[in-house]
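Please look over the sequence and the model shown below before reading on. The briefing that follows is grouped by topic.

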Amino acid sequence: MEYKNKFKNIFDEYKKYYECIFDVFYPSKNSTGFTERNLSVNFSKAYEKLNPKAITWFEFQFGEKNNLHYDALIINRETKELFLIESKRFSNLDKKVNEVQNDIIRIKEAITIYNSDFESRIPQFNDYTIYGIILTDVWTESKGKIAIKESFENEVFTEKYFSHKLPEIAYFTQSFNKPNPYIQTLKNYYLTSFVWKVS
């Protein structure tokens, strides 16, 4: 898939940000998890490092009552690409899987029922290629969480949990084997993400 290769460098850089953090300190207690916002922040840093003219806005608000938001929005005006990002930590599995499904629906609605929200705020919005990005992480400490990780590795997460597959989906699974003081704790930690073309 052409854009899986395109995104590979970004996800490699994304992983490097985590490795740099783990070289300096451990940002949690044991495997209680890292807050979801860090997924969006570190991904945007990786993207902007490789695309220095791109801009990011966190918690982009929209909707009739302005009560909806995406965790992050990245705009690359040079390449006419726009990225709608949602981040999830697979802690409570059923709840989080359901939230991912809702996130996918909300991202797809950017070009349908919420199109005017974007057109009025982003010049030439309809000329952009729009990508949806779901950034997740998981600690493989139970059968259910191992199954989540494996569904990303086998590129069947949406089919397995939602009974459908998004078109042109690209999956990324990253583990942490680089030596650091916390390697034993991190051996169960994975970044699991996917990207698809919305329009």
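In this predicted model, E155 sits in the loop between α5 (143–153) and α6 (157–162), where helices (H or I, at least four residues) and strands (E, at least two) are DSSP runs, numbered from the N terminus. Although E155 is not a glycine, its phi is positive, at about 60 degrees. As the model is predicted, local features need pLDDT of at least 70 and side-chain atom pairs count only at pLDDT 80 or more, whereas totals for chains, interfaces and linings use all residues. Residues are numbered from 1 along each chain as its sequence is written, and side-chain values use heavy atoms, with hydrogens and water left out.

- E155 counts as partly exposed because its relative accessibility is 35%; buried means under 20% relative accessible area, exposed over 50%, and partly exposed in between (1.4 Å probe, protein chains only).
- Most residues other than glycine have a negative phi.
- In α5, which E155 follows, the buried residues are K145, A147, I148, K149, S151 and F152.
- These buried residues of α5 pack against α3 (93–108), β4 (129–139), α6, β5 (169–175) and β6 (189–197), with contact meaning heavy atoms within 4.5 Å.

**Overall fold and dimensions**

- The secondary structure comprises 7 helices and 6 strands, and their order along the sequence is α-α-β-β-β-α-α-β-α-α-β-α-β.
- The radius of gyration is 17 Å, which agrees with the value near 16 Å that a compact globule of 199 residues would have; the radius is taken over C-alpha atoms, and the globule rule is 2.2 Å times the number of residues to the power 0.38.
- Along the principal axes, the C-alpha trace spans about 50 × 40 × 35 Å.
- Of the 199 residues in the protein, 48% are buried.
- Among contacts between residues at least 6 apart in sequence, 66% join residues at least 24 apart.

- β1 and β2 pair in the antiparallel sense over 7 bridges, two strands being paired if DSSP finds at least two bridges between them.
- Within this pairing, T56 stands opposite I74 in β2.
- The hairpin of β1 and β2 has 5 residues between the strands, and G63 in this hairpin takes a positive phi near 105 degrees.
- A72 belongs to strand β2 (residues 68–76) and counts as buried because its relative accessibility is 0%.
- Leaving out residues up to four places away in sequence, A72 touches S40, T56, W57, F58, E59, F83, L84 and I85.
- A72 and T56, which are 16 residues apart in sequence, lie 6.8 Å apart in space, C-alpha to C-alpha.
- E59 lies in strand β1 (residues 55–62) and has a positive phi near 55 degrees, in a residue other than glycine.
- With a relative accessible area of 43%, E59 is partly exposed.

**The strands that pair with β6**

- β6 is largely enclosed by the rest of the structure, because 8 of its 9 residues are buried.
- β4 and β6 run antiparallel and are joined by 9 bridges, and the bridge partner of L135 in β6 is S193.
- β5 and β6 also run antiparallel, joined by 7 bridges, and here I169 has W196 in β6 as its bridge partner.

**I183 in helix α7**

- I183 is part of helix α7 (residues 183–186) and, at 25% relative accessibility, counts as partly exposed.
- Apart from neighbours within four places in sequence, I183 is in contact with F176, N177 and K178.
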